[in-house]
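Okay, everyone, thanks for coming. I'd like to walk you through a structure, a few spots at a time.

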Number of protein chains: 2
Amino acid sequence: MRKMQKRVYVVAADTTVFLGTGRKEFHPKKPRPGLEHYIAEAGKGVLAQISDPEAVDEGVVGNFMASRFNRQGHLGAMMAVVHPSLAGKPSLRVEGACASGGLAVVTAIKSVLAGQADLSLVVGVEVQNTVKAIYGADILAGAGHYAAERKSGHAYYFPAKFSDRAGEYKKRFGAERTWAAMGRWYEQAVRNARLNPKAQEFHNTTTDLFSTHQTMAPNPKSFCEHINVLDCSKVSDGAAAILVASEEGLKRTGRKKSEAVELVGFGHSTADLTAQPDDLTVLDTTRRAAREALEMAGVAVRDVGVFEVHDCFTISGILACEALGLAGHGEGADYVLSGATRRDGPTPVNTSGGLVGFGHPTGASGVRMAADLWRQLTGRAGDDQVKIPSERPHGIFASMGGNDRTVVSCVFRRAA
Amino acid sequence: MRKMQKRVYVVAADTTVFLGTGRKEFHPKKPRPGLEHYIAEAGKGVLAQISDPEAVDEGVVGNFMASRFNRQGHLGAMMAVVHPSLAGKPSLRVEGACASGGLAVVTAIKSVLAGQADLSLVVGVEVQNTVKAIYGADILAGAGHYAAERKSGHAYYFPAKFSDRAGEYKKRFGAERTWAAMGRWYEQAVRNARLNPKAQEFHNTTTDLFSTHQTMAPNPKSFCEHINVLDCSKVSDGAAAILVASEEGLKRTGRKKSEAVELVGFGHSTADLTAQPDDLTVLDTTRRAAREALEMAGVAVRDVGVFEVHDCFTISGILACEALGLAGHGEGADYVLSGATRRDGPTPVNTSGGLVGFGHPTGASGVRMAADLWRQLTGRAGDDQVKIPSERPHGIFASMGGNDRTVVSCVFRRAA
């Protein structure tokens, strides 16, 4: 069995505002900050929390498609915008579609485990509001098997993929309860986001979120057959950053152990990009990665008090709850309807709003999840802080790429 | 000082033909194989050399710009085309412009050092002949700081950057000897490529390579001020693969130690992408990475018998010889003119043709360098085998991204 050969911590984290439609300061025609700005802001936010920024040994950037959204590759070499001392040090970009952020976290963890870094600065970033939504959909379709599927596929490639999943789930497990659960997921996401000033839905003032969702019937002529636009995560610009540390690295930062979380297990799994999922109602790869992470940590899902799942669509959130073992196959909708995933429920999921509420700057999301678990487990979450019972001291995230084709999962617990 | 915490080996390697202008089978208008083909061919070429392909633990893909050349991201999840057993296992893509292949090698090394893999399959790939050269130049400009530099830059962004380097080197160290050395580099590259059936210049039949180069005066109106088209590496489609192993992994493959090379040191350095090089006649980042690699290996350049440098342009090859310590600052041109870097010289460089002769499928080149060192050090290089003196049993590569902004260097020696 895979083991942590040494202790690894997350000692600091930060995220920028996730910008896009819905935010008051967003205007589609006005100039906006670029990649450099977001990388610098999130990275500096982390370095401001430690005593010596020059102590950082290396950088890792998670990014999916700056090559098309911004025509910019080679982001690893852009880390010097965070701090000049990073010029000269090792740094690279990793990518696995929307799991790019999760992969960046794992890459830093391995670097520390390998004894090649004591402090690894991870930044996930994406700036997507550079093109119209329909072109953006073509860009994001590069997370699927483009050559084989793009021409025959839906113009909104990924919404259609997850609409198919929602349709199959409705068919097998009940249309009404599924649709209601999707509505509750949307409601929960926006409610959480309203407590988080950096969230894209922070300014959302809709009074009855649930019924607004329920009455917006999916329309295959204008969008997709089984989901509406509220079921979709947002097109966002933003970045998130964390600092991954060895025991020695933690000391160097001047932080107390109580200000850090320990990484106790991680999993990373893929599925064949050129093939289709066996069962549309199951997120197999997410399940595998989460099981690996929990197994490595030697804990069960009942030991976990706070969850971050990849709700690129509301249906993905429901399926992810099943994949993590919160609910059995086909029981995820009821689980969400029971209120168990709400911030006041026993297993709060996506407490800062998730991809639907906080926003989804694709390459940033996995790092943002790690950042949010750090915030929650160290009690630094501010208005969106949830109570984590002492008998469930762990947090888990599952960062998913494409149609459940690459997934990274990490389990943390409060250090001390 | 950084140390290898355990032994790491390369136990097998393979490359595809590097396809593009110059190859007899290449026709710009005819359909050609895609990414899937190249990943599968190189990967299968490696797995065919070991007893149990299912023993591989993970995949790493080095790729620079499939997102634009092929609109395809998420290549880590494409490794199942090599072998179905790779579906489910960890796999990711790493990127750092033309150093993407080198980064993939380092990422696998760290995974093994971290105890997370005993056998890591690394594939570097790029398929670039999908667009005309002038559009390709725009795509490759994503290795520089696109937002700041592209509009004001030369249409052939990178050729112009290295033309500036050549111009400065000519000015400071003598125009005639520099131009002659660039011609000799071209001659050496094609001569080596003629011994390598997979090289893009394998079919080149020019009789007097040197004078062909010398008489083609650089023309700023049609191309660049200080280099001609023969000074440039090729636009290529291709892939290279290696298998990185722990001691335990090596045993699992059924290979003898004499069939493997040991990785004894590696370096990885970056420079600020948003800044310009201090001195155009120096490859600072290459120098740093190579020094780190040699230092970690505890050897000096005089202990190295075979070299792979990133000659994206002939001038880069000359500068890289200086950066590796083969010649002093400003003495690289004379060093090349002396014949020292030829296959029958004391320090053979780029024995299979290098980027100018073998070709430069960008994301593949760093992996190809590692593959070539494995071939040379284990005596499996075939027609392009050089004699490696027993007192210089090491091989080194330096894989460079952009204008010397990300560099990975590795030092190997024959195992046994």
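**A walk through the model**

Let's start with B:Arg2, which sits in the segment before strand 1 (8-15) of chain B. Before I go further: this is a predicted model. The predictor gives the complex an ipTM of 0.97 and a pTM of 0.98. For chain A, the mean pLDDT is 96, and 100% of its residues reach 70 or more.

Back to B:Arg2. Its relative accessible area is 27%, so we call B:Arg2 partly exposed. What is B:Arg2 in contact with, once you leave aside its neighbours within four places in sequence? The list is A:Gln116, B:Phe266, B:Gly267, B:Glu292 and B:Met296, and you'll notice that A:Gln116 carries the letter of the other chain.

Okay, helices. Two packed helices are described by the angle between their axes and the distance between the axes. Take helix 3 (residues 100-113) and helix 14 (residues 365-377), both of chain B: their axes come within 5 Å and cross at roughly 60°. That angle is why helix 3 of chain B counts as oblique to helix 14 of chain B. Who does the touching? From helix 3 of chain B we have B:Gly101, B:Gly102 and B:Val105, and they meet B:Gly366, B:Val367 and B:Ala370 in helix 14 of chain B. By class, this contact of helix 3 with helix 14 of chain B has three nonpolar residues, three polar and no charged ones.

Now a second pair in chain B, helix 7 (residues 175-193) and helix 11 (residues 314-323). Here the axes are 9 Å apart and the packing angle is about 100°, which makes helix 7 of chain B roughly perpendicular to helix 11 of chain B. On the helix 7 side of chain B you have B:Thr178, B:Ala181, B:Met182, B:Trp185 and B:Tyr186. They meet B:Thr314, B:Ile315, B:Gly317, B:Ile318 and B:Cys321 in helix 11 of chain B. The residues of this contact of helix 7 with helix 11 of chain B come out as seven nonpolar, three polar and no charged.

Let's hop over to chain A and look at helix 11 (residues 314-323) there. How many of its 10 residues are buried? The count is 10 of the 10, so helix 11 of chain A is largely enclosed by the rest of the structure. The buried residues of helix 11 of chain A include A:Ser316, A:Leu319 and A:Glu322. Just after helix 11 of chain A comes A:Gly325, with a positive phi of about 95°.

While we're on phi: most residues other than glycine have a negative phi, and most peptide bonds are trans. So here are two to look at. A:Asn350 has a positive phi, near 55°, and it isn't a glycine. You'll find A:Asn350 in the loop between helix 12 (332-337) and helix 13 (354-357) of chain A, and with 2% relative accessible area A:Asn350 is buried. The other is B:His74, also not a glycine, with a positive phi near 60°. B:His74 lies in the loop between helix 2 (66-69) and strand 3 (91-95) of chain B. Is B:His74 buried or exposed? Its relative accessibility is 0%, so B:His74 counts as buried.

Next, B:Gly353, in the loop between helix 12 (332-337) and helix 13 (354-357) of chain B. B:Gly353 is buried, at 0% relative accessible area. Setting aside neighbours within four places in sequence, B:Gly353 is in contact with B:Ala189, B:Asn192, B:Ala193, B:Asp311 and B:Phe358.

Last stop, aromatics. Over all chains the structure holds 12 aromatic pairs. One of them joins A:Tyr157 and A:Phe158: the ring centres are 4.8 Å apart and the planes are at 80°, so that pair is edge-to-face. A:Tyr157 is buried at 6% relative accessibility, and A:Phe158 is buried at 11%. Then there's B:Tyr156 with B:Phe223, centres 5.4 Å apart and planes at 65°, so edge-to-face again. That pair links distant parts of the chain, 67 residues apart. B:Tyr156 is partly exposed at 24% relative accessibility, whereas B:Phe223 is buried at 12%.

That's my tour, so over to you.

Notes: Residues numbered from 1 in each chain as written. Chains lettered and ligands numbered in written order. Predicted model: local features only at pLDDT ≥ 70, side-chain atom pairs only at ≥ 80, totals over all residues. Heavy atoms only, no water. Axes fitted to C-alpha atoms, helices over the stretch in contact; angles between N-to-C directions. Helix = DSSP H or I, 4+ residues; strand = E, 2+ residues; numbered from the N terminus. Parallel < 35°, antiparallel > 145°, perpendicular 65-115°, else oblique. Contact = heavy atoms within 4.5 Å. Nonpolar A, V, L, I, M, F, W, Y, C, P; charged D, E, K, R; others polar. pLDDT = per-residue confidence, 0-100. Phe/Tyr/Trp six-rings, centres within 6.5 Å; stacked < 30°, edge-to-face > 60°. Buried < 20%, exposed > 50% of the residue type's maximum accessible area, 1.4 Å probe, protein only.
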